[in-house]
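Let's take a walk through this structure together. Have a look at it first, and then we'll go from a few side chains out to the overall picture.

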Amino acid sequence: HFHCKAVNGLFEGVISAPVVLYAYWTINYPPGPHAITQKWWYGERPLLGVTGWTMLMSAGLGLLELDFCTSRTVAQYMGRSLRYEFVHGLFRTSEIVMRVSLYIWCMVTLRVTGA
């Protein structure tokens with residue numbers, strides 16, 4: 001059985017993080033009057049960055065939970081070693097970060113601006 005919170009965190013993180021991080025990476029980019037996202041207030045960029053990373057970590061932890069629920073071997077290793085659990089969570093989170101970053105990079109660089 002899957003924990004609903006894990007699946008919810010996974011889906012929310014994978015869907016919401018690209019939107020938030022797209023806004024983060026496109027603030028005042030490209031430089032000039034045709035920026036994709038205009039900066040409106042001082043704390044906007046740090047808030048978007050923290051929110052995006054939190055969503056990515058939530059997705060990574062949701063994926064870790066799904067691994068725990070679907071694989072007896074992974075569950076046994078996680079039950080015996082806190083180090084294994086940490087490294088596996090780091091692996092799953094980095095996997096999500098790489099995939100989402102690639103999607104966002106493509107969206108930002110392939111976008112046609114009205115210059």
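Tyr77 is partly exposed: its relative accessible area is 41%, which falls between the 20% that marks the limit for buried and the 50% above which a residue counts as exposed. Keep in mind that you're looking at a predicted model. Tyr84 belongs in the partly exposed group as well, with a relative accessibility of 28%.

These two tyrosines bring us to the aromatic rings. How many aromatic pairs does a search of the whole structure find? It turns up two. For Tyr77 and Tyr84, the ring centres sit 5.3 Å apart and the planes meet at 45°, so this pair is tilted. Why tilted, rather than stacked or edge-to-face? Stacked needs planes under 30 degrees apart and edge-to-face needs over 60, so an angle of 45° lands in the tilted range.

Now hop over to Val14, which has its place in helix H1. Val14 is another partly exposed residue, with a relative accessible area of 33%. Leaving aside residues up to four places away in sequence, Val14 touches Ala59 and Ile96. What about Val14 and Tyr84? They're 70 residues apart in sequence, and their C-alpha atoms are 24 Å apart in space.

Stay in helix H1, which covers residues 4–25, and you'll come to Ala23. With residues up to four places away in sequence left out, Ala23 touches Thr37 and Leu48.

Time to zoom out. The protein has four helices and zero strands, so reading from the N terminus you get the order α-α-α-α. Along its principal axes, the C-alpha trace spans about 55 × 25 × 25 Å. The radius of gyration is 17 Å, whereas a compact globule of 115 residues would come in near 13 Å.

How is the chain packed? Of the contacts with a separation of 6 or more, 70% are between residues 24 or more positions apart. Buried residues make up 36% of the 115 in the protein.

Last stop, the surface and the charges. The accessible surface comes to about 7,900 Å², and carbon and sulfur atoms account for 67% of that. As for charges, there are 9 positive and 6 negative side chains, with the centres of the two sets 4 Å apart.

Terms used:
Residues are numbered from 1 along each chain as its sequence is written. This is a predicted model: local features need pLDDT of at least 70, side-chain atom pairs count only at pLDDT 80 or more; totals for chains, interfaces and linings use all residues. Side-chain values use heavy atoms; hydrogens and water are left out. Helices (H or I, at least four residues) and strands (E, at least two) are DSSP runs, numbered from the N terminus. The radius of gyration is taken over C-alpha atoms; the globule rule is 2.2 Å times the number of residues to the power 0.38. Buried means under 20% relative accessible area, exposed over 50%, partly exposed in between (1.4 Å probe, protein chains only). Contact means heavy atoms within 4.5 Å. Accessible areas come from the Shrake-Rupley method with a 1.4 Å probe; for residues, only the protein chains shown count as cover. Lys and Arg count as positive and Asp and Glu as negative; His and the chain ends are not counted. The place of a charge is taken as NZ of Lys, CZ of Arg, CG of Asp or CD of Glu. Rings of Phe, Tyr and Trp (its six-membered ring) pair if their centres lie within 6.5 Å; planes under 30 degrees apart count as stacked, over 60 as edge-to-face and the rest as tilted.
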